[in-house]
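Reader: I'm new to this one. Please walk me through it, starting wherever you like.

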Amino acid sequence: MENTPDGYSYVPQPIRNDGAGWVDKGPRDIMRDLENPDMLVPPKTDAGLVPNLKFSFSDTHMVLKNGGWSREITARDLPIATTLAGVNMALTPGGVRELHWHQQAEWSYMLLGHARITAVDQNGRNFIADVGPGDLWYFPPGIPHSIQGLEDGCEFLLVFDDGHFSDLSTFSISDWFAHTPNDVLSANFGVPMSAFNHIPKEQVYIFQDKVPGPIDTQKVQSPYGTVPETFKHRLLAQTPIKTPGGSVRIVDSTNFPISKNIAAALVEVKPGAMRELHWHPNNDEWQYYLQGQGRMTVFAANGVARTFDYRAGDVGYVPFANGHYIQNTGTETLWFLEMFKSDRFQDVSLNQWMALTPTELVQSNLNIGPELLNVLRKEKWPVVKYPGFSYYPR
């Protein structure tokens, strides 16, 4: 570290404690280096070539509309992320994400504020509900729906089960009307062509409307009833799995039956704690960091591993079955979502695997003694923290 007159209290240098590396005197983005200490000075255990597994929503293109904004992270931004894509969107009070549908399933987590969602399924059964912070919704592929901000507006994360998805390539009602001849619209609805004189000339996407009234005033009774499986789930209100280091709330088709394409976990990691060493045997993992900061080393087999630093607003990715952990490196609680293109959440604990394997085999394989063997746990703790063995910022 060295003092600098340009507003920075210190400048990190790519020099490890053992003397490896040297100073970087050239052009630099010092703020980036400060945010990525484990990329500037990788742990000695990092080795080989691992693709980039991090991208920030702060580095994406913002689409600004009267009524809100959106930005997305897809395989175009993070090429390794082929299974899922994400959209961060905000709507003003009354702002509307217009009536539309997708070829992909849509899974969403409410970050801030409140919204009203509507949908109709293929059998004419409808769904209207209000959602708030910590709530989810899920719309199967092809199901038409809408989202509208309520009195306080809203911000949410949308996740789609295709890494190459783009929210700007959805099927929007305004876009379809604009590209259908008026005489066809007239014949379809049984009204004069003049009824379509003022329809939008292109896709609206997001627009400003007035704040809707109470939900009871907007109820629409379908002769076919409401959808048989709710499109809404209250994840934050769900009873968590608690451990000394934090908590985990898991949501998949077992407790949110409609969510057949995307499974997820909301993870809380307290200061000094970590999401234990583990891997997922069913699919790649797409992460979204909600609060705090942390680091993750991904083990890609054959002597290959790489460490990344994350903070709120970042997206992380872990390829299928790669071993990893997420350690809280800050002073506040770390919250993040881990999501999978799957109907079930599945993970394998390194600790539990070792505990349920014959002791002699584990001992000879790793050349370890009773100090470790005697404390292995047969019960899975997704988040761990042990007094005297925790990481704290220096």
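Reader: Let's start with Y310. Is Y310 buried or exposed?

Author: Y310 has 2% relative accessibility, so it counts as buried. Buried means under 20% relative accessible area, exposed means over 50%, and partly exposed is in between, with a 1.4 Å probe and protein chains only.

Reader: Which aromatic pair does Y310 form with F308?

Author: A tilted one, with 6.4 Å centre to centre and 40 degrees between the planes. Rings of Phe, Tyr and Trp (its six-membered ring) pair if their centres lie within 6.5 Å; planes under 30 degrees apart are stacked, over 60 edge-to-face, and the rest tilted. F308 is buried too.

Reader: Where do these values come from?

Author: This is a predicted model, where local features need pLDDT of at least 70 and side-chain atom pairs count only at pLDDT 80 or more, while totals for chains, interfaces and linings use all residues. Residues are numbered from 1 along each chain as its sequence is written, and side-chain values use heavy atoms, with hydrogens and water left out.

Reader: OK. How many aromatic pairs are there?

Author: The count comes to 18. In one of them Y289 and Y310 are stacked, at 4.8 Å centre to centre with 10 degrees between the planes. Y289 is in strand β17 (residues 285-291) and Y310 in strand β19 (residues 305-311), so the pair ties together parts 21 residues apart in sequence. Strands (E, at least two residues) and helices (H or I, at least four) are DSSP runs, numbered from the N terminus.

Reader: What lies over the face of Y310?

Author: K54, at 5.9 Å from the ring centre. A charge sits over a ring if NZ of Lys or CZ of Arg is within 6 Å of the ring centre and within 35 degrees of the ring normal. R295 has its charged end over the ring of Y391, 5.4 Å from the centre.

Reader: Changing topic: which residues touch the most other members of the largest nonpolar core?

Author: W107, W137, F156, W286, Y288, L337 and M339, out of 53 residues in that core. Domain 1 (55-170 + 205-233) and domain 2 (238-384) both contribute residues, so the core lies between them. Another core, apart from that one, has 21 residues, among them L53, M296, V298 and Y310. A nonpolar core is a set of buried Ala, Val, Leu, Ile, Met, Phe, Trp, Tyr and Cys residues joined through side-chain atoms within 4.5 Å.

Reader: What about M339? Where is it placed?

Author: M339 is in strand β22 (residues 334-340). Its relative accessible area is 0%, so M339 is buried. The C-alpha atoms of M339 and V159 are separated by 8.6 Å, although these residues are 180 apart along the chain. Leaving aside neighbours within four places in sequence, M339 has contacts (heavy atoms within 4.5 Å) that include L84, W107, V159 and W286.

Reader: Back to the domains. How many residues are in contact between them?

Author: 30 residues of domain 1 are in contact with 26 of domain 2. The domain centres, taken over C-alpha atoms, are 28 Å apart. The bounds come from an automatic or database domain assignment.

Reader: And the chain overall? How many helices and strands?

Author: Seven helices and 24 strands. Of the 394 residues, 49% count as buried. Along its principal axes the C-alpha trace spans about 80 × 55 × 35 Å.
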